[in-house]
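The following account leads through the structure shown below, taking its elements and selected residues in turn.

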Amino acid sequence: MKDQVRSNWSNVALVCRKCSKKLDGGFGPGGGERLAKALRKHLSLKTGRKAAAGVLEVKCLGICPKGAVTVVDGAASREWLLVRPGADLDELAETLGLNASEHP
Ligand code: FES
């Protein structure tokens with residue numbers, strides 16, 4: 001029986017879906033996108049396990065900051081990030097260790 005599945009993810013970022021919904025956009029070039037989508041687009045990341053990194057929306061993480069989105073870096077899970085609208089996506093990707101191989 002196969003009990004492992006390989007992925008290409010160098011890291012994974014868990015983005016609170018509920019925070020993202022509450023902000024109703026706030027990220028990306030026109031400021032109209034949700035953080036996870038804007039981040040994936042910015043880094044040309046596909047979805048699924050064959051992408052170079054994972055950016056996943058997850059349910060409420062219990063922080064519920066006002067005017068920000070809670071993000072957990074899978075490789076540094078002891079410090080959670082509260083990302084404000086309009087955040088620099090290059091900087092964020094760098095912090096999250098997401099742009100190692102795919103970023104142009
Ligand atoms: S709504 Fe995002 S942490 Fe609760």
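The model is a predicted one. Ser20 belongs to helix 1, which spans residues 17–23. Its relative accessibility is 1%, and because buried means under 20%, Ser20 counts as buried.

Asp24 is found in the loop between helix 1 and helix 2, and at 68% relative accessibility it counts as exposed. The phi of Asp24 is near 55 degrees, a positive value in a residue other than glycine. Glu33 lies in that loop between helix 1 and helix 2 as well, but at 16% relative accessibility Glu33 counts as buried. With neighbours within four places in sequence left aside, the contacts of Glu33 are Gly25, Gly26, Phe27, Gly28, Ala38 and Lys41.

After helix 2 comes Ser44, whose phi is positive, near 50 degrees. As with Asp24, this is a positive value in a residue other than glycine. Ser44 is located in the loop between helix 2 and strand 2. With a relative accessible area of 47%, Ser44 is partly exposed.

Strand 2 contains Gly54, which is buried, with a relative accessible area of 2%. Not counting residues up to four places away in sequence, Gly54 touches Trp9, Asn11, Val12, Ala13 and Leu98. Cys19 is 35 residues from Gly54 along the chain, and the C-alpha atoms of the two are separated by 18 Å.

Further along, Ala76 occupies the loop between strand 3 and strand 4. Ala76 is partly exposed, with a relative accessible area of 35%. Between Ala76 and Leu96 there are 20 residues of separation in sequence, whereas their C-alpha atoms are 8.3 Å apart in space.

Leu96 brings the account to helix 3. At the start of this helix, a side-chain oxygen of Asp88 reaches to within 2.8 Å of the backbone nitrogen of Asp90. The helix is followed by Gly97, whose phi is positive, near 65 degrees.

How are the buried residues of helix 3 arranged when seen down its axis? The buried residues are Leu89, Leu92, Ala93 and Leu96. Seen down the axis of helix 3, they fall within an arc of 100 degrees, so they line one face of the helix. On the other side of helix 3, Glu91 and Glu94 are exposed. The buried residues of helix 3 pack against strand 1 (12–16), helix 2, strand 3 (69–73) and strand 4 (81–83).

The packing of helix 2 with helix 3 can now be considered directly. Helix 2 (residues 35–42) and helix 3 (residues 89–96) pack at an angle of about 90 degrees, and their axes are 10 Å apart. Because angles of 65 to 115 degrees count as roughly perpendicular, the two helices are roughly perpendicular to each other. Helix 2 contributes Leu35, Ala38, Leu39 and His42 to the contact, and helix 3 contributes Leu89, Asp90, Leu92 and Leu96. The residues of this contact divide into six nonpolar, one polar and one charged.

Notes. Residues are numbered from 1 along each chain as its sequence is written. This is a predicted model: local features need pLDDT of at least 70, side-chain atom pairs count only at pLDDT 80 or more; totals for chains, interfaces and linings use all residues. Side-chain values use heavy atoms; hydrogens and water are left out. Axes are lines fitted to C-alpha atoms, for helices over the stretch in contact, and angles run from 0 to 180 degrees between N-to-C directions. Helices (H or I, at least four residues) and strands (E, at least two) are DSSP runs, numbered from the N terminus. Angles under 35 degrees count as roughly parallel, over 145 as roughly antiparallel, 65 to 115 as roughly perpendicular and the rest as oblique. Contact means heavy atoms within 4.5 Å. Ala, Val, Leu, Ile, Met, Phe, Trp, Tyr, Cys and Pro count as nonpolar, Asp, Glu, Lys and Arg as charged, and the others, Gly among them, as polar. Buried means under 20% relative accessible area, exposed over 50%, partly exposed in between (1.4 Å probe, protein chains only). The arc is that of the directions from the helix axis to the C-beta atoms. A polar contact is a pair of N or O atoms within 3.5 Å; within protein, one must be able to donate a hydrogen and the other to accept it, and residues adjacent in sequence count only if both atoms are side-chain atoms.
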